[in-house]
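Here are some short notes to read beside the model. Please keep the structure open as you go.

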Amino acid sequence: MKDMLSWDQTLFKDSELFELDHIPEHFLHRNAQLQSLMFSMRPALGGGRPINCLCTGKPGTGKTTAVIKIFEEIEKHTSRIIPVLVNCQVASTRYAVFSHIFNKLIGYSPPSSGVSFKKVFSEVVKHLVEHERILVVALDDMNYLFYENEVNEVLYSLLRAHETHPGARMGVIAVLSDTGVPHMLDPKVESVFLPEEIIFPTYSVDEIRDILSNRAKLGFYPGVLDDSVLDRIAGHTFDLGDLRVGIDLLKRAGLNAEKRASRTISIEDVESAYERSRLVHLSYVMQSLKEDEKILLGLIADSSPANSGELYERFHSRTDLGYTRFYEMLKKLDAVSLIDVDFTGRGLRGRSRVATLRYRADEIKTRL
Ligand SMILES: Nc1ncnc2c1ncn2[C@@H]1O[C@H](COP(=O)(O)OP(=O)(O)OP(=O)(O)O)[C@@H](O)[C@H]1O
Ligand SMILES: [Mg+2]
């Protein structure tokens, strides 16, 4: 009984370390990306416009974390540059993006209706010019601006502000999650954006092990996690390619060990945690779906694989939305890896297309 945990004992020295929104103090294996980002911001230190950046990589490869790190650094060193991180999952229209910027600069939000975009925009630009500030906007998860068809407008407004308002200096860090579908910008926008591309490759098994080992050292008491167990966690994480899975596995496996009143995490603790942790990415994506998208996903879950013509009939009778919206949503659900759609089918208006669920129907439905 000596080795058993009593009710007030825990394996966790600091459980905060295993939360997904924790900003790691040690951000390993991303020096090249941090340097490229910093280098692109340098002109702004001297009062010029920063170089625009485009960060790409699969989910959970450290893009958002890198931007947060760079912004912390900027804020430490100068008040001349104002960094604004916009989460495009939340702010997915031009108005919402600029409201967010307005709030950061001026300290309160413009009313959510009744004020034109033009007004909000010109207040933002006026503020920058008057206070001689340089704005750096990170459009995190810019994918969502594509889904809403707002991306060209947003970029165009940011990148051409200096033409209508001389003296306005703005730069953009665009962050795109690589979902396997190409995202094309309007050529007009592309020609003013001209970003420095910064690629976030998926981590190798060794890198994953290194990062998770570092987390475990800070978050668990000594001796809780041995190397063979860490290897197993790193392996699972590598298979799904999303570091979030590994962080969640550490946490859940730790809790499983506590439940058994054990002082060490076993392979079985990891395996039973994996049942849930592998769904971390699923939950992460699903929390960002809009009501109509959830309805569509639910319909697919009910009849996967579903013929897109029949699917549309059912979707239309539930939501009254037209084919174009339906088709856009189908593409989005495919892009975020929830379903597979065969987009090569040639039927009239795509009626021969088939949508297949990528997770079990019950896993999807409990999250709807
Ligand atoms: N190099 C690293 N060192 C330590 N922790 C990391 C590293 N890379 C990622 N993480 C952790 O992994 C999780 C996911 O990272 P992050 O949110 O930056 O990914 P992302 O590339 O923005 O993913 P998405 O495309 O899904 O938004 C975070 O909890 C972060 O702390
Ligand atoms: Mg991110």
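1. Helices (H or I, at least four residues) and strands (E, at least two) are DSSP runs, numbered from the N terminus.

2. This is a predicted model: local features need pLDDT of at least 70, side-chain atom pairs count only at pLDDT 80 or more, and totals for chains, interfaces and linings use all residues. Residues are numbered from 1 along each chain as its sequence is written, chains are lettered from A and ligands numbered from 1 in the order in which they are written, and side-chain values use heavy atoms, with hydrogens and water left out.

3. A backbone N or O atom of Leu28 lies 2.6 Å from a nitrogen atom of ligand 1. The side chain of Ser177 has an N or O atom 2.6 Å from an oxygen atom of ligand 1.

4. Now the sheet. It is open, with 3 strands in the order β6-β8-β7 and antiparallel pairing (at least two DSSP bridges between two strands). β6 (306-307) and β7 (339-341) stand at the edges with a single partner strand each, so one side of each has no neighbour in the sheet.

5. β7 pairs with β8 (residues 354-357) over 3 bridges. Ile339 stands opposite Leu357 in β8.

Conventions: Polar contact = N/O pair within 3.5 Å; in protein donor to acceptor, adjacent residues only side chain to side chain.
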